Amino acid sequence: MTRRYFGTDGIRGQSNVFPMTPDLAMRVGIAVGTIFRRGNHRHRVVIGKDTRLSGYMLENALVAGFTAAGLDVFLLGPIPTPAVAMLTRSLRADIGVMISASHNPFEDNGIKLFGPDGYKLSDELELEIEDLLDKDIYAQLAKPHEIGRAKRVDGDIYRYIEFVKRTLPRDVTLNGLRIAIDCANGAAYKVAPTALWELGADVVTIGNTPNGTNINLDCGSTSPDALRRKVHEVRADIGIALDGDADRVIIVDEHGQIIDGDQLMAVIAESWLDDETLRGGGIVATVMSNLGLERFLKKKGLNLARTKVGDRYVVEHMRNHNFNVGGEQSGHIVLSDFGTTGDGLVAALQVLARVKRLGQPVSEVCRRFEPVPQLLRNVRFSGGKPLEDIIVRQAIESAEAELGKKGRLVIRPSGTEPLIRVMAEGDDRAQIERIVNDLIGVISNVRSAA
């Protein structure tokens, strides 16, 4: 069934442009509230958001929808996505909502949904919601005496801070570490520096002055240059870059070099293997993770299970096959011993624990393998389905045949933006660059012709 609203990570788009309008947000509240209004108890929903200007608009529209459906609403304010997942369970809510477009610019926004167990909704539930959105849902409204109430909840960010602190092993403190952290002017601008300082670190913070329009702007995990400069400036031992909703993390070592999610998963997997806490015989990652990670794990006797792009698919595979470490190259790290979704701060603490225990600099601890040359480029398109064009398909088949078993080719539409992502990797960098550039040219020509 074709999806009209949901992508790989909820509903996302430009604010005030369909589907990211207050009207649709209200309808989402009614539809989701209707589906999760089960049993005779007083139903509740928790709603968090990042720091985007449009968050106010969408928050109020969702409140209108959920209360109209008969649910009580608890408004958490700016708070990380993993905190919403955690508080959905902690507060025994029927549904959790995060208003965020993650790493996208401030003009975009999104609606992420969590079930009462704190996990993102299944494809089947999302399709059920989509079906309701296209129907006359106003017949589902609550009776006048059943309309829900809404209130702001103060102090629940401190529940999350305490939860995060408890994920650091008891034999480890951050005393003696100088940590530079970039909060991306996003949802973690309060909680992340506080948690790190309370754990003993000397904390230097940037990206902690949100104004509604500067989220992810030249900062955060997608733009780590500011953090690299800060690490050099203050001679930090490590830099931590979160994204707008803090569900992903990128590390900068003491030399200012970037360490991506693949390396971080390798660090955590090796650490947990040594502690005999790693489950599943390996880790779960997506088709975008580097071949070097797969080779590193194989030498350790571990497997790399690959899924479609999207942390929800990683989590699904982890749950079905008893893995407790998974994630994406982009820095979504899912540690199911602690949470139900990606958590940049919790993942960073596991890396810091390894650094402290080994007593080695971050540059040594976090360089676990030599990445295979990999090139990812994007092609923007405004309509149509370029990947279904016969010329594009033939070019892809030819590239796959040339790579053979010496590399990998992954071409897919983005689930969050109107982009075609072209990725190739292999031991021959020149070959990889030529293949990607050739494919970009073919797809661009087809796009232009359309």
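**Note on the predicted model**

1. Residues Pro-22, Ala-25, Met-26, Val-28, Gly-29, Ile-30, Val-32 and Gly-33 of helix α1 are in contact with Met-57, Leu-58, Ala-61, Leu-62, Ala-64, Gly-65, Phe-66 and Ala-68 of helix α2; contact means heavy atoms within 4.5 Å. Helices (H or I, at least four residues) and strands (E, at least two) are DSSP runs, numbered from the N terminus. The model is predicted, local features need pLDDT of at least 70, side-chain atom pairs count only at pLDDT 80 or more, and totals for chains, interfaces and linings use all residues. Residues are numbered from 1 along each chain as its sequence is written, and side-chain values use heavy atoms, with hydrogens and water left out.

2. Two packed helices are described by the angle between their axes and the distance between the axes. For α1 and α2 (residues 54–68), the angle is about 35 degrees and the axes are 7 Å apart. Axes are lines fitted to C-alpha atoms, for helices over the stretch in contact, and angles run from 0 to 180 degrees between N-to-C directions. The α1/α2 crossing is right-handed. A crossing gets that name if the near helix is turned clockwise from the far one by less than a right angle, and is left-handed if anticlockwise.

3. Arg-27 also belongs to α1 (residues 22–35). Its relative accessibility is 13%, so Arg-27 counts as buried; buried means under 20% relative accessible area, exposed over 50%, partly exposed in between (1.4 Å probe, protein chains only). Leaving out residues up to four places away in sequence, Arg-27 touches Leu-132, Leu-133, Asp-134, Lys-135, Ile-137 and Tyr-138. Arg-27 and Leu-132 are 105 residues apart in sequence, yet 8.8 Å apart in space, C-alpha to C-alpha.

4. An open sheet of seven strands runs in the order β1-β2-β6-β5-β3-β4-β7, with mixed pairing. Its edge strands, β1 (6–7) and β7 (150–152), each pair on one side only. Two strands pair if DSSP finds at least two bridges between them. β1 and β2 (residues 10–14) run antiparallel and are joined by two bridges, with Gly-7 opposite Gly-10 of β2. Helix α3 (residues 81–90) packs on this sheet, touching β3 (44–49), β4 (72–78), β5 and β6, and its direction makes about 165 degrees with that of β5.

5. The loop between β5 (95–99) and β6 (108–114) holds Ser-102. In UniProt, an unreviewed entry places the feature "modified residue: Phosphoserine" at Ser-102; UniProt positions are given in the numbering used here, feature names are shortened, and annotations may be inferred rather than shown by experiment. Ser-102 counts as buried because its relative accessibility is 1%. Not counting residues up to four places away in sequence, Ser-102 touches Arg-12, Asp-50, Arg-52, Lys-112, Asn-216, Asp-243, Gly-244, Asp-245 and Asp-247.

6. Asn-104 lies in the loop between β5 and β6 as well. At 1% relative accessibility, Asn-104 counts as buried. Its side chain makes a polar contact with the side chain of Asp-108 (3.1 Å). A polar contact is a pair of N or O atoms within 3.5 Å; within protein, one must be able to donate a hydrogen and the other to accept it, and residues adjacent in sequence count only if both atoms are side-chain atoms.

7. In helix α10 (residues 311–321), the buried residues are Asp-311, Arg-312, Tyr-313, Val-314, Val-315 and Met-318. These pack against α4 (123–133), β13 (282–286), β14 (303–307), β15 (325–327) and β16 (333–335). Asn-322 follows α10 and has a positive phi, near 65 degrees.

8. A three-stranded open sheet has the order β17-β19-β18 and antiparallel pairing. β17 (374–380) and β18 (407–413) are at the edges with a single partner strand each, so one side of each has no neighbour in the sheet. The twist averages 10 degrees from one strand to the next. Seven bridges pair β18 with β19 (residues 419–426); Leu-409 is opposite Ala-424 of β19, and Pro-413 is opposite Ile-420. β17 and β19 are also paired over seven bridges, and Asn-378 has Arg-421 as its bridge partner in β19.

9. Which residues of β19 are buried on its two faces? Leu-419, Arg-421, Met-423 and Glu-425 are buried on one side, and Ile-420, Val-422, Ala-424 and Gly-426 on the other. Eight of the eight residues of β19 are buried, so the strand is largely enclosed by the rest of the structure.
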